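Work through the exercises below with the sequence and the model side by side, and try each task before you read its solution.

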Amino acid sequence: MSELYERVDVEFLHEVVRQYSGCEGDYSKLAEEIAQFNGGYTLVAKYAGLWLRSNGCKVKNVESAVEETKKEPKLFLAHYIWRVLLRSSGDLARKAAVPLLLHAYFGPVPEGMTYITKAVNYGVWRFLKPEKLKSASLESLKEDALEPIAKWLTQKHEDLVEEVLRDLAGLNGEKARELYKKALSDLIKALDRARDEVLKEGGKILAELDVPEDDRGMENSLLAFVGGRLAAIFKSGEVRHCWKRVALIVGHALAGYHVLPRREQLPEDIAEALGDALKPCAVDAYLTIDGEIPPLSTYVAQLMSTRELNILAPYAEADIIRAARKSAEGLLARRRKRDFWWLSETLYALGLAVLAAGAEVDGEMADLLLYTAPFAVQGVARPETVLTILAALRPLVEKAPHRYVSLLAVASELTLLDQGTTLYIYLALQQLEDRLLETERIWPLVEAVRAYSDLVRRYPEHIKSRWKGAANMCRLYDEVRKRGAATAPGVGLSTQRLFDAVARAYVLATALYSDELAQVVQRYCGLGDLIEEAEAVKGVLDGAVTHLDELRKIMENDTDFAEWVTIHSPTGDARFVIENVRNWLTHVLALYKLDHAIDEKGELDEKKLEEAAEEFEKAAEINRKLKHWENYLIDRGWALRARVLAAKNLKELPARAEGFWDLWREAEKHLEPTAVYLATAAFTLGEYLVYLAASDNKEEAVKLLKERRWLLNYRPEVSVNTRLMLRVLGVGEGARQEEVVDVFKSLFLPEFRPALLMLAGRLQRDEAHKECGKLFNAQPSEAKRCDIIVATAAGDRVAAEILRSVIEEVAPEARPLLGKADGRTLVEVLAPEYSHTRLAFMLLAAVEGRSDAVRLHGLWGSAWFKKPLVRRLFRAVYENCGDLNGEGCRMALLKLYYYHY
């Protein structure tokens, strides 16, 4: 039987060789040799066939290569790169060395990039300098010998082929190169010379730009090397006239979209609006591959905030800027006739704004260009792209600070912003405060209040001080209130009353978020009873929505108010804007009521939970009418979750949660590739998956998890907690400790991070202690505490006693559990600063069968967190999870999961 399988394998490989070669000869001997390789033989057969195709079906060279590579598939593939692609030519390797490095580091390389980064031989080998490219065309740079290489580099190859190229380039370390050094020394030498030259030239550029030395590595040096050459080639007449196409490409790249729209895919009016930007142009050869933007071009585009590396700098000329302005005005004029932006329109407008940001523009044009930018930010595919957009548009701030503030406010509302982005927004707001206070406009102050509120509530761990952020917010709100008090008429609806109500809604949202913040905001902002204040604000907003004639007069007579409305609704629909704010405040108030749905005995209050659910339903219904689908999913999900929390047993819970089936269907129906929508849909998917598992529909849960894992992973913290909850219910594989640590590491208390990274296998013990020193080198007491935590995680009993005493001092009843807790448990219990992080560690402990750890998490969570409802939910885990398989424990964990997700 084994002989039969062996014969069939050889026949299969023989057929692979013939198919890829197009040759009719007998290659049985070659196939037999390939069958003896150490894995990867199908791929080797394919490339052996391609090799035969390239040399006219002559088998001798291929057979000798198979023999020389000693059954190592990676070595054979390296021989293919050297002997077929590079023709065993040291000169050709020198020419193509940088393009090969670019592909190894970033993936597919646009054809034009190969030609502008090639090396040439003028007696000595050197690279084409940017100044030599200013008048060049692609045709003048092309070479017949390089063309097959340039084509090959535009493609993404099989994983093993890509790994071989990374090995050769040195990305996988010198040890990985040992396999190739003897046979391919000329290729490796060419790549090393190119790497040294790039580091030298790129490093010099980066140093002149004050880039820290640690950030002048090979990747950034390559990008600097390429960016300067692209900027030079774009000055040529061949590419200069492509400015519309460039704007479209750059807008999509900055927002994280890699596929460019085609005219035939768009509605006729949208295609007409985009016009010549949809036509492929000379610039495509340098930035795109078959209508798609590869990662390399995206990385280059992200350098545009640095003037010296801005590939759009050649377009900062008066005639192009005037034309760009006309295009932007045309887009906006069309937009105001519709009640929506098409995504490609907003991204084209973003590209035009970034193009003009590098030029001298007046305040009117800066106002126009920054007006469209928030709509593009709302549609980004990935939140990590936001910082690049904000930085690229920063030069326009001086001319239109009010517009930039509205951009910051929109950005602050996005989910999953990283620390760099949130800190950038926070510092930019502080820098703009004086400018805002000098202006006569009130609405920019309102937008700044909105941005501060978002940062303080959503990203307190990222900004320097949530208390200072709250104080800054209140200072601006006080200015809004003062201006309103000075100009508001005695009775009736007015601009001042509306602005005061909207700004107060943002302030109240901050106060309602937590009891600790409430005290600070009430003190700094002069608020009274929060519920009464919120109802009063809703009353003002209700009055505006129901008195449309008065609202219309305000729009007609007050340019400040009209301008604010149009930043939220280009069609100028004031009712729509006010209704949005009112609905959002309803949502915030419902969350507050949910968090306080506890009776006098400290137990869940079913009546209060239902009241909160009804408030969420109201908000959901309004969002449905407004077609705000992501907000609808959020509010409808919260309504269902509030009712799930009221379930008394496992039999009752699925009936209360069955609405997640309909909600998931609606999420699928309206699925959009934007960061905002995908982040929301990930929550809905998690809710539905857990419902399926809890209602014993495990096969469907397994199937859906497999099909939609990509969406769940869009929110890594949702993915981890959902998969762990599913594992507790007997579905899927859960998540490992190292994944939990990787996903939540930025949310741990800083002194615990080295220990947790050590427990996850990311650091050795000595490295963890060194990390403590780096984190707290100016704080000896904190460094010592960090060292104690690392020692506890490593099993030191004395250190562990110190952590036990910390817990026992706050929660004396933990004493019996502490006696059983090992170092890992103590560290994991004390590390989380946020409740969803604690939930992940708790569920991980449940999956691993560590009931005492689960209960200790529950007890510490009930002592650590302040919101009444979440304290009660954690307490229920402590009380019920002595038996992890018992109904009480399952219920407690499910409720805690649904509270968070």
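**Exercise 1.** How far apart are the mean positions of the positive and negative charges of the chain?

*Solution.* The model is predicted, so local features need pLDDT of at least 70 and side-chain atom pairs count only at pLDDT 80 or more, while totals for chains, interfaces and linings use all residues. Residues are numbered from 1 along each chain as its sequence is written, and side-chain values use heavy atoms, with hydrogens and water left out. Begin by counting Lys and Arg as positive and Asp and Glu as negative, leaving out His and the chain ends; each charge is placed at NZ of Lys, CZ of Arg, CG of Asp or CD of Glu. The chain then has 122 positive and 135 negative charges, and their mean positions lie 2 Å apart.

**Exercise 2.** Is R872 buried or exposed, and which residues is R872 in contact with beyond four places in sequence?

*Solution.* First, the relative accessible area of R872 is 15%. Buried means under 20%, exposed over 50%, and partly exposed in between, with a 1.4 Å probe and protein chains only, so R872 is buried. Next, taking contact as heavy atoms within 4.5 Å, and setting aside neighbours within four places in sequence, R872 is in contact with I598, G602, E603, L604 and E879.

**Exercise 3.** What percentage of the residues of the chain count as buried?

*Solution.* Applying the burial cut-off to the 901 residues of the chain gives 57%.
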